[in-house]
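Please view the sequence and the model first.

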Amino acid sequence: MEEYLKKTDEELIALLRSGEQGITDYLMEKYKNLVRKKAKALYLIGGDNDDLIQEGMIGLFKAIRDYRADRESSFYHFADLCIARQLYTAVEASQRKKHAPLNSYVPLYADSEDAENGGLDNILSSVEELNPEKIVINQEELQAFQKKVEDCLSDMEKEVLAYYLQGLDYNQIAEAMGKEPKAIDNALQRLKKKLK
């Protein structure tokens, strides 16, 4: 590896083409920080920074594979361009409509605390965003949940729940129903306990 430090990237690529082993690993390690820096500046829908770093490393690998010294460009600039293109392609692909079900997927219970609280907010707010598989799997659970709402909630609690699901806060619900905000808060607490 120390002999690589004395050579330019272009010389290393020439040695790689002549069959010397280990140069790809050396260049991948050398330019890893460039990949991280570029990945840090972007956001991948439905992914995390590690996914972007992986995409950037693919771009770097392609640069090592495809670099041609006769093109009047340094390897650094070529690698920089390949990494950027790979990252932008990944970000664009993540924003396409065909990926929407995966990108908008929300689990019913994000953690055990949500499960202990009944997960009411999580279930109701994410039903429309679930991917098709989850919709089919949870259809029976949703029907059972709706039956439970009908069977165990009072008329006032059902009305409060309907307004709450429309996105209204306590004060707005109270105003719409002609009740005190405290009464609405109490009704929401009761209905959450009943649906638990």
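Helix α12 (residues 170–177) packs against helix α13 (residues 181–195) at an angle of about 110 degrees, and their axes are 8 Å apart. The two are therefore roughly perpendicular to each other (65 to 115 degrees). This is a predicted model, in which local features need pLDDT of at least 70 and side-chain atom pairs pLDDT 80 or more, while totals for chains, interfaces and linings use all residues. Residues are numbered from 1 along each chain as its sequence is written, and side-chain values use heavy atoms, with hydrogens and water left out.

**Contact of α12 with α13**
- Tyr-170, Asn-171, Ile-173, Ala-174 and Met-177 of α12 meet Pro-181, Ile-184, Asp-185, Leu-188 and Gln-189 of α13 (contact: heavy atoms within 4.5 Å).
- By class, seven residues here are nonpolar, two polar and one charged.

**Nonpolar cores**
- The largest nonpolar core has 24 residues, and Leu-27, Leu-60, Ile-64 and Phe-75 have the most contacts inside it (a core joins buried Ala, Val, Leu, Ile, Met, Phe, Trp, Tyr and Cys through side-chain atoms within 4.5 Å; buried is under 20% relative accessible area, with a 1.4 Å probe and protein chains only).
- At least two residues of this core come from each of α2 (9–17), α3 (23–30), α4 (32–40), α5 (49–66) and α6.
- Another core, of 12 residues, lies apart from it and includes Leu-153, Ile-173, Ala-187 and Leu-195.

**Gln-86**
- Gln-86 is in helix α6 (residues 75–94) and counts as buried at 14% relative accessibility.
- Beyond four places in sequence, Gln-86 touches Glu-55, Ile-58, Gly-59 and Lys-62.

Key:
Helix = DSSP H or I, 4+ residues; strand = E, 2+ residues; numbered from the N terminus. Buried < 20%, exposed > 50% of the residue type's maximum accessible area, 1.4 Å probe, protein only. Axes fitted to C-alpha atoms, helices over the stretch in contact; angles between N-to-C directions. Parallel < 35°, antiparallel > 145°, perpendicular 65-115°, else oblique. Nonpolar A, V, L, I, M, F, W, Y, C, P; charged D, E, K, R; others polar.
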